[in-house]
Amino acid sequence: VIGLEFAPSYTMDSEQKQQYQAQIDQVVDEWLQGISIHDSDYDKAKYVFDNLIQRVDYRTDAPENQNILSVFLYGETVCQGYACATQYLMRHLGIPCIVVTGTARNEAHAWNIVLLDGQYYHMDTTWGNSRYLNQDQQENKYIDYNFMCMTDQELERTHKLDMEIDMPACTSMENNYFVHEGCYFDSWVPEEI
């Protein structure tokens, strides 16, 4: 690359930004009351994952659905909003987190890579919301922990990164929900199961 030129287009003026930021700060402070910066990385990640899924619904026509306004002000978003809000909350809790993009089931998609206890994991808050994959059904919403703290191998079953830069390897199972909660079996022992 020899040069790069861009011309930003702002969606709001400085005063509006300050008003929105004050509203977001109030909501985030309320949402994070149940967790401490001193809690474990796993507890922070699970708290963010749970809260976003419980408090926010997936809706393609949600206002401001490509940013955190849709999440914190309207309670409805799409994958980009979930991923940005996950990153925003994780950073408030001192957890390094990035938004990554690619495809999932051949559709454009966004999710996160988080750093917990020195290991990287994929975290897809959108897919963790049971109503996302079953939008036509009127089932009760539940949290699908299959999409919290995934390895590259698990992710590759349904997702494909489109990033042109190297991403950190996500190979640890240590903070996988099922491993961490003692619900993971690596051998067939019917009595234990």
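Helix 4 is mostly covered, with 12 of its 14 residues buried. Buried here means under 20% relative accessible area, exposed means over 50%, and partly exposed lies in between (1.4 Å probe, protein chains only). Helices (H or I, at least four residues) and strands (E, at least two) are DSSP runs numbered from the N terminus. The model is predicted: local features need pLDDT of at least 70, side-chain atom pairs count only at pLDDT 80 or more, and totals for chains, interfaces and linings use all residues. Residues are numbered from 1 along each chain as its sequence is written, and side-chain values use heavy atoms, with hydrogens and water left out.

The buried residues of helix 4 are C79, Q80, G81, Y82, A83, C84, A85, T86, Q87, Y88, L89 and M90. The helix covers residues 79–92. The expected span is 1.5 Å times one less than the number of residues. After helix 4 comes G94, with a positive phi near 80 degrees.

Q87 lies in helix 4. Its relative accessibility is 17%, so Q87 counts as buried. Leaving aside neighbours within four places in sequence, Q87 is in contact with C97, I98, V99 and N112. Contact means heavy atoms within 4.5 Å.

The largest nonpolar core has 52 residues, of which W31, L52, F72, L89, M90, V114 and L116 touch the most other members. At least two residues of this core come from each of helix 1, helix 2 (41–55), helix 3 (68–74), helix 4, strand 3 (97–104), strand 4 (107–116) and strand 5 (119–123). Helix 4 gives the largest share, 8 residues. A nonpolar core is a set of buried Ala, Val, Leu, Ile, Met, Phe, Trp, Tyr and Cys residues joined through side-chain atoms within 4.5 Å. In soluble globular proteins, nonpolar side chains tend to be buried together. Neighbours within four places in sequence aside, L52 is in contact with W31, V71, Y82, A85, T86, L89 and T125.

N175 sits in the loop between strand 6 (159–161) and helix 8 (177–180). It has 2% relative accessibility and so counts as buried. Beyond its neighbours within four places in sequence, N175 is in contact with Y42, L116, D117, Y121, C149 and H180.

D117 itself is found in the loop between strand 4 and strand 5. Its phi is near 50 degrees, a positive value in a residue other than glycine. D117 is partly exposed, with a relative accessible area of 42%. R105 also has a positive phi, about 55 degrees, although it is not a glycine. Its place is the loop between strand 3 and strand 4. R105 counts as exposed at 55% relative accessibility. Most residues other than glycine have a negative phi.

A search of the whole structure finds 5 salt bridges. A salt bridge is a side-chain nitrogen of Lys or Arg within 4 Å of a carboxyl oxygen of Asp or Glu. K46 pairs with D50, the closest N and O atoms being 2.9 Å apart. K46 and D50 are 4 residues apart in helix 2, so about one helical turn separates them. D50 counts as buried, at 11% relative accessibility.

K141 and D57 form another salt bridge (2.6 Å, N to O). K141 lies in the loop between helix 6 (130–133) and helix 7 (152–155) and D57 in strand 1 (residues 57–58), so the pair ties together parts that are 84 residues apart in sequence. K141 is partly exposed at 23% relative accessibility, and D57 is partly exposed at 31%.

R59 and E76 also meet through their side chains in a salt bridge (2.7 Å, N to O). This pair links distant parts of the chain: R59 is in the loop between strand 1 and helix 3, and E76 is in strand 2 (residues 76–77), 17 residues apart. R59 counts as partly exposed, at 33% relative accessibility. A network of salt bridges links R59, D61 and E76.
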